[in-house]
Amino acid sequence: MIQYEIIGAALVFLLSAALAWPLGKFIVKVFLGEKNWMGFMSPIEKLIFKISGVNPDKEMDWKQNMKALLGLNLLFFLAAFVILSIQGLIKFWNPVGIGNWEPTLAFNTAISFMTNTNLQHYSGETGASYFTQLAVFAWLQFVSAGTGITACALLFRGLTNRSSAALGNFYNLWLKSCTRILLPLAVILSLILTVSGTTTNFKGLQEVSTLEGETQMVAGGPTAPMVAIKQLGTNGGGYFGPNSTHPFENPTYLANMAENIAIILVPMALVFAFGFYIKRKRLGLYLFGVMSLLFVSFVAISAWQEVEGNPNFAKMGLEQTVNMEGKEVRLGPVASSMWGVSTTSTSNGSVNSMHDSHTPLSGGIFLLDMFINAIYGGVGVGFINFFVFMVIAVFIAGQMIGRTPDFLGKKLEAREIKIAAIVVILHPLFILAGTAISSYLVTADPELGWLNNPGFHGFSEMMYEFTSSSANNGSGFEGLGDNTPFWNIATGLVMLFARFLPIIGPLAIVGSLAVKKHVPQTAGSLQLETPAFASVLLAVIIIISALAFFPALTLGPIAEYFTF
Amino acid sequence: MDSTNKILNKNILKGAWSDAFVKLHPAQMMKNPVMFTVEIGTLVMIAVTCISLFVQNGSVGSFGYNFVITLILVITLLFANLAEAIAEARGKAQANALKKTRTNTMAKRLLVDGTVKMVNATELRKNDIFIVEAGDVIAADGEITEGFASIDESAITGESAPVIREAETDHNSVIGGTKVLSDTIKVKVTSEPGESFLDKMIALVEGANRQKTPNEIALTILLASFTVVFLIVTVTLQPFAAYANTMLSIAALVSLFVCLIPTTIGGLLSAIGIAGMDRALSANIIAKSGKAVETAGDIDVLLLDKTGTITIGNRKATNFYALDGTDETSFARLCAMSSASDNTPEGKSIVELAESLKVSIDDLQDTEVNDFVKFSAETRMSGVDLKDGRQIRKGAWDAIEKWCNIEPEALQAFRDKVREIAEKGGTPLALGVDKKAIGVIQLEDIIKPGIQERFARFRKMGLKTVMVTGDNPLTAEYIARQAGVDDFIAEARPEDKLQYIKKEQEAGKLVAMMGDGTNDAPALAQADVGIAMNSGTQAAKEAANMVDLDNDPTKLLEVVEIGKQLLITRGNVTTFSIANDVAKYFAIVPALFAIGIPGLNTLNIMGLASPQSAILSAVIFNAVIIPALIPLALRGVKYRPMGASTLLTRNLLIYGLGGITLPFIGIKLIDMIVNIFM
């Protein structure tokens, strides 16, 4: 049984990689504005540019592009916040008549979806009308993923520039990322899901007779399209509260495989796309290799822990079984671990099992995944995070071979390192400071009622919430009473800063690299496509992410594991 | 200077210890963010130690333990300061050795009215003129305005063979403190006392005015950010532990912090930088800035003068080829006569070759000679006009060909001979008498042994070597091939060098060159690393960013290696320092929570005896690793020319993997020793 599950997980990985390769090539065509088979979208795109009065051919430098990115996202946020606050007044597509939202929850949720996080302090089927689901959530899931992909495109361009500040046009790249990359993929996936049994309707609660002969009210709605973009855009916000554990979101083992592939597909493709874009396919493969090494090891550890199960069962004289708590029987432990690692490495955040119920080390792996936040990573931003690791790895390795370091032929100097250094601090700062404040509050006043689980596990829950916010992941460890003003505002702010600062910083680096003169590569230059550099990269990732969080992990999952 | 070449000696060490204490001043420590935070941690611990005399609770801890930790932190700071102080002291010692040569001497100052007045050297001002006779010590840096002299520069360069300095040549500079061995010269002072070029550069070497190099600044920023990350880790640990009902002592938290931040590289960083300049100085190269040394490691293209770098000394005449039936002996005599007034090494070698063929021109009388014709760049010929009306001219073959009227058949034979010589790497000179080409002289270069291997190594490192020579393209190509250089500039004029440098720089490459003449100045200024010979003109020295006291063209190669060594040392110590954190975590983290969460003791894989000894051992290891690495920092990591990837793999294995494993062993050993006393 387990071996079939392992084959299933392996298939998901291999199919994703196999599909990501051609998708990467296609993405590069879109980025470079080369002719591609999605050209038929051109009239619609032109119409949108005409209406909005944007000149898509205007070349902009990194600052202008960042202004465009931030401006557009501010609009998205305001619109979402307003709609959520007055949801009850909108009668359209609101058959159940769901009401207005409390402001801090609306704030948190609007930011959550704008930042591609999809942290949900509400429950989908009871909190949001169909109109909200589509016009706010699904819409933001599209455009926030587009924002990430566009940021990545700007980064690629800057790295290939030879003494030119122009990074392309944000609006143009953004619209095309949505219409030509995300839209077709989402259409394909929602068709697959609809065929598998995911609901697509606009009816209200439906009365169903169960096998026992009782009647039950069942929520439906336009699920398939939303699930498609939630996975492809590494959003993760579920249509239903239980997310992808819900049979209407994730009906069968095969649908589960398709969704899991969708989670890692675009992030993987962007790694290959980097190789194609800078015309160094091998480098793309090497980076993919470094990420995959971590990914596969993490899946292996997590799955092994789940299959081992809870040792306390044996101690109590019960039969030792795999840990099925919080898991779907139709999916099993390996598919749950595979999904868990996929969703946490890519900042997706959808779940097909309760992460809270995973064994301690498995939960720790999910945390570690989000600490790193660059194993494939969120669409676009994952690669940008990885870029920061690369900058630091190149800086250290460059010196070790006796040259002042250059990255892809551009000298890394104090200015670039300064920005990278600040970006590196952000993630530990948000997570550790946030967790420290909440730990302090909980210790000071145990009556707050945030934690359903005391002890190390409660600590993990709080740390998971901040980690998920800072990584723009959005999955919850659950078990945490998070719909309170403190959590809504704190995580809202963390999501906001953790989304945009790590985009602005690296693009500032690229903006400064773009105008630099190109240094020709010689036999004395650092060769990136080597096992030696891959080791440095791996070490930098592990040291920056793991070392910064090791004490915290020790108090959470590791302490729990040893005291099990 | 021998004693200073030793990494450490007693005198240096004694002075350095007191400097190490002086450097504890916060204003000084601020320059080094990593060690500055250690100092703040130490101050916190001093306060906690005092408080623990009166108050006893879990977070304050016991007095004795706090005292020991505080003491180790102070020692850590002192060790880091010591590293810097030693590096500075070594620089000073070398600079002093140079300065000693410029103690007060008397100078014969030439006054406007032509009289000579004895003045103290310190009274000499810029543009003053003084006379130096055989046996005198030159009082100040200057340029010879009249005359030539052989000078013993051993006081500065350590080289005992005297050198010739002459007015109106590219070797017209004299250095204060050197001694004139023969002849008399007039010297114009080029700088105010204490502000001579050398004085300024010595001040730089001493470290007082040392500025951080760009790469050092970038690394400092990165290290500072790591420090901030670990500060966040440590500060937030307190509420985490409080939540887990575990009491953490301040001593434990400060220890964790100090162990995690990159103190090893933080403590050694400036020492490594200073030592880089010291090493250049040991090689008798004075760099105007640390940046120049750092840039040297990045050089992609080396412009190497053929003479002295690739070939030994100068070309020598090795054969006379008479043409047109001229007999050998009279041809040899004509050759020698044409070179009678030619003082260039080539000219002298022609006379020597003639003498070896038993042909002498000693009997050449002044009466026989009407006029000696000096070499001019226009005609590219030199020679002699005799009283009997004969005109003898020697020069580049094409110049002679132009000058002479050669019959077609004769021309063919002439050109064949020329090509034959050139193809074998020789330089053909031609001799003409009364506009008739009568023969060809073969000049040959002798390539330095071992130079091919050296260039091959450079190629592996990605360096392109370019030979610069005044030779014609055929000869240049032959020698270039023999020596194994990648490219050559034949018939090079100074502006050709400049053009070549600009062309390479446009392609983004960094170029190094060495030069001495005033006409080299633009190229020296344009080059990313320009080394002027100390014997060169003032203009050349001003334009360059390094000066070679030995006037040795092969120094270019050494400078590149010193630059690379500097960066590699920095990179390797950084890697080592950060890799150490893994073991320190395994020592401290289980110790922190050993009481509150006993299960975590499984992480104590080193089997350290007690939580307290574990923390103590980690902090001690953290302190002692700094002095243990001082010799490495000062000497530099041994540089081996090899491909970039091989080098990276090698350094990763030694400093990365070594950095992970060594502290496991070290901390365990220290723990065993500590437990004897605890």
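**Chatting through the model**

Q: Let's start where the chains meet. How many residues does the contact take from chain A and from chain B?

A: This is a predicted model, to begin with. In it, the contact takes 57 residues from chain A and 57 residues from chain B.

Q: And which elements of chain A give two or more residues to that side?
A: They are α14 (381-400), α15 (414-444), α16 (455-470) and α18 (531-563) of chain A.

Q: Which one gives the most?
A: That is α15(A), with 17 residues on the side of chain A that touches chain B.

Q: How do the residues of that side divide into nonpolar, polar and charged?
A: On the side of chain A that touches chain B, 38 are nonpolar, 15 polar and 4 charged.

Q: Switching topic: how many helices and strands are there in chain A?
A: Chain A has 18 helices and 4 strands. Its radius of gyration is 23 Å, close to the 24 Å that the globule rule gives for 564 residues, so chain A is as compact as a globular protein of that length.

Q: What share of chain A counts as buried?
A: Of its 564 residues, 59% count as buried.

Q: Now chain B. What is the strand order in the open sheet of 3 strands?
A: The order is β6-β5-β8 (chain B), and the pairing is antiparallel. β6 (163-166) and β8 (179-182) of chain B each have a single partner strand, so one side of each is left without a neighbour in the sheet.

Q: How many bridges are there between β5 and β6(B)?
A: There are 4, linking β5 (residues 148-152) of chain B to β6(B). As for partners, A149(B) is bridged to R165(B) in β6(B).

How values were computed:
Residues numbered from 1 in each chain as written. Chains lettered and ligands numbered in written order. Predicted model: local features only at pLDDT ≥ 70, side-chain atom pairs only at ≥ 80, totals over all residues. Pairing = 2+ DSSP bridges. Contact = placed C-beta atoms within 7 Å. Nonpolar A, V, L, I, M, F, W, Y, C, P; charged D, E, K, R; others polar. Rg over C-alpha atoms; globule rule 2.2 N^0.38 Å. Buried ≥ 20, exposed ≤ 12 C-beta atoms within 10 Å, placed from the backbone.
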